[in-house]
Amino acid sequence: MLTLVGSAACGPAPDDDVRVVGHAKISALHGGFRGELTDDAIFGRAVEALGDLDGDGVPEVAVGAPGFRQDEGVLWLLSLAADGTVSRQVRIGGDSLGDDPPSARSAFGGALARLGDLDGDGVTDLLVGAARDRQDGLETGSVRVLMLDGSGGVRRSTKIAPGAGGFTGHVDVGDFFGVSVAALGDLDGDGVADAAVGARRNGGGESGDAAAGENTGAVWLLFLTRDGGVRAHRKIGATSGDLAGALAGGDEFGQSVASLGDLDGDGVPDLAVGAFRDDDGGTNRGAVWLLFLQRDGQVKSFTKISQTSGGFGGALNDNGLFGSGLALLGDLDCDGLPELGVGQRRSNDGGPDTGAVWILSLRRDGRVARHARIGRSADGLAGALAPAGEFGYVLTTPGDLDGDGSTDLVVGQIFDDDGGSNRGSVWILFLRTREPDCRAG
């Protein structure tokens, strides 16, 4: 049983809020997956639910393996059965990306975000990060907007990088632009979806953030066009976006990003950003920033969640990297506000670097009302995770996969050794939550 712990005044009684009642594993050896995985593929470094892409009644999940074939990277679209096994798979990478594929060792597939139907053809489209992609021989990173067809094929690919796709922002070599991506919805109100892109090693270079120190990190907001290009952009970092003085060198702000929807109720989408090497409370314990945005992407206000701030009472270990992954989970506890899933890839729950996922029940101001943890010691998952697998690097929700009325969860475990060293895996966690009770009124 996972109980959301906190003040009862913040929502319904916490008993039995979230339980893991079953799980399925997808890897080189399990779950019906028949695709090729090389050693160090880190399958599960990115996961994103796509809904029912092909209209067959079965949901699809995109899974990135950026270490595939010495960091060439590949993306898999998996059709999932109700028991969490793979019924069909489609591979995307290399030649399927058109006449301008990612460069060698680009780590394509390291970040994923569902954009919705950007081009209006009735099929959802996908944003994919390649944080080590090269432009003119320089490793600045890139993202690609993939216009998909109903079978999971790529109709068109638009590359966004310094000087490409309409993006004119300055990115330094080694910034890892594209290490994380998120779909924000229509931030600026022009009728087209917009996106956030993390660059966790920004800082200390020529981009204007030198004063912040090395690897402070930044996030770029991209205002998109229907063809997948960039109409305008805004940078949020140590010296831009009204976060001046809030970030420190080495925080790696932008490691993860996730839409919060309109958390504060002002009609504008908000954004969560992970800074997994923040030192609040201890070395590299990590933090998550909740940014309340204006239509132009400027930060109106923010709340920081860490070991020492934001109302979070969970215990984090040094070098635990809280904030390595983020996902909006919906309203699991029936308090009218969404829960945020936060990965802690080096949690020591059940063994060194086993990893864990935190479920945070949020208030409108971004502070934590209650929390729960899913890890190796959790009921329904006890003993299933191996130490050093780093479960919780990323996560997403496919909705109610098994049809029991509760939201389920997909979590990556990048250093799983099924079939070979660090090939990676994905875990489907079947949850039992309060959702059926509150939906029934």
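Start by selecting phenylalanine 33: with a relative accessible area of 6%, phenylalanine 33 is buried (buried means under 20% relative accessible area, exposed over 50%, partly exposed in between, with a 1.4 Å probe and protein chains only). This is a predicted model, where local features need pLDDT of at least 70, side-chain atom pairs count only at pLDDT 80 or more, and totals for chains, interfaces and linings use all residues. Residues are numbered from 1 along each chain as its sequence is written, and side-chain values use heavy atoms, with hydrogens and water left out.

A search of the whole structure turns up eight aromatic pairs (rings of Phe, Tyr and Trp, taking its six-membered ring, pair if their centres lie within 6.5 Å; planes under 30 degrees apart count as stacked, over 60 as edge-to-face and the rest as tilted). In one of them, the ring centres of phenylalanine 33 and tryptophan 76 sit 5.2 Å apart with planes at 85°, so this pair is edge-to-face. Bring in Phe43 too: Phe33, Phe43 and Trp76 make up one aromatic cluster.

Next, pick arginine 201, which lies over the face of phenylalanine 176, 4.4 Å from the ring centre (a charge sits over a ring if NZ of Lys or CZ of Arg is within 6 Å of the ring centre and within 35 degrees of the ring normal). Then hop to arginine 277, over the face of phenylalanine 276 at 5.0 Å from the ring centre.

Last stop: lysine 235, which is buried at 12% relative accessibility.
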